[in-house]
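Me: Please take me through the salt bridges of this structure, one step at a time.

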Amino acid sequence: MKIDGVFSGGGIKGFALVGAYQEIERRGFQFERVAGTSAGSIVAALIVAGYRGNEMNQLLAELNLSEFLDTRKRIIPFPLAKWFFFYWKMGIYKGNELEKWVEGKLAAKGLRTFSDLPPQKLRVIASDLSNGQLVVLPDDLVKYGISPGSFSIAKAIRMSCSIPYFFEPVKLNSMDGTNIIVDGGVLSNFPMWLFDRENVQKLRPVIGIKLSASEYEHEKHQIKNAFQLFGALFETMKDAHDSRYISRKHAKNIIFIPTEGTLATEFNLTDTKKQALLNLGKESAEKFFKSWCY
C-alpha cells in the first residue's frame, strides 16, 4: 500500500526514525511522497533514494558520528581562536562533512539534484533568517531565482540540518543578496501540514513519525537564568507552529517516539545507545499499528 510520510527533526535522536521506518516497511507500506526536517530530512532523502530499512541500519552502524564535527583549522595560535571563528562563522562546526556524507550516499543510488526525482517526491524544511520565513525545498527556490531541478539534494539536507550555533548556517545567494539559512526546526520541526490539511482531500494515507512522547505532553520549561531562557526560546520556536496545527484528528496518524534522555547534539552516541534508539523506533511503530485504521 502506498502512503505519504513525514519525519520530524531531532538531531542524533533521528536513529529512532530508522527503526520506525523498518517496521513500516516490514508491514508492506511504500512511501509515495515524503517530507522532513533536519534529521527527518536525511531519512526522507534516503528513502526516496531507494534505501531499504536494513541498508539504512547498516549505514548507521558503519557511521562515525564524530566525523561530522568538522571544526575550522585555526591559524591563530591562542585558546580564544575558536570563539573568534564562532563569532564570524556563526557555528562551531562547518557542516561540510555532513553534506559530503549525504551526497555520497545519494549518489550511490543515482540521486544528485531534485531533477532526478518526480515533482514533490521529496520536500524538506529550512529557515531563512534573513527574510524571517520558512522555506520548503525545492519548491521555494524559485523565489530566490534558483531553478529547483538543478539544486543539490544534499545541499538542501545540509540547510535543513543547520542547527543554530552548532553548524554554520548556509549562505544562499539570490537576486536580492545573500540569505542566511538554518535548521528547519526553528520554524517547523514536523511539517505534516504539507500533506494533511483541513478541508483538503488527501491523495493517500499520511503517516507522521515524530520524536516526542506526545504532541500534548510538553515538559514545562524551567527558566531561572539567561541560558535557560535561550533554551526555552528555541524550543518554543521549534514546536509552537506544529503544536498549533496538529489536532486530535491528525495525532491518530502519528507515530510518537519518546526519546527523552538523548540530546539532539549527542554526537558521541555509543553503539548501545544507537541500537536502543533503533529499537525504540520499532517498538513505537509496532504499538501504533495495533490501533491505526486508514
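Me: Is K109 buried, partly exposed or exposed?
Reply: In this predicted model, K109 has a relative accessibility of 33%. Buried means under 20% and exposed means over 50%, so a value of 33% makes K109 partly exposed.

Me: Which residue forms a salt bridge with K109?
Reply: K109 lies in the loop between α5 (96–107) and β4 (122–128), and its partner sits in helix α3 (residues 53–62), so the pair ties together parts that are 54 residues apart in sequence. The closest N and O atoms are 3.1 Å apart, and the partner, partly exposed with a relative accessible area of 28%, is E55.

Me: E23 forms a salt bridge with R26; which of the two is buried and which is exposed?
Reply: Both residues lie in helix α1 (residues 15–26), three residues apart, about one turn of the helix, and their closest N and O atoms are 2.8 Å apart. R26, at 59% relative accessibility, counts as exposed, whereas the residue that is buried, with a relative accessible area of 3%, is E23.

Me: How many residues apart are E99 and K155?
Reply: The side chains of E99 and K155 meet in a salt bridge of 3.2 Å, N to O. E99 belongs to helix α5 and K155 to helix α6 (residues 153–160), so that the pair links distant parts of the chain, with a separation of 56 residues.

Key
Residues numbered from 1 in each chain as written. Predicted model: local features only at pLDDT ≥ 70, side-chain atom pairs only at ≥ 80, totals over all residues. Heavy atoms only, no water. Salt bridge = Lys/Arg side-chain N within 4 Å of Asp/Glu carboxyl O. Helix = DSSP H or I, 4+ residues; strand = E, 2+ residues; numbered from the N terminus. Buried < 20%, exposed > 50% of the residue type's maximum accessible area, 1.4 Å probe, protein only.
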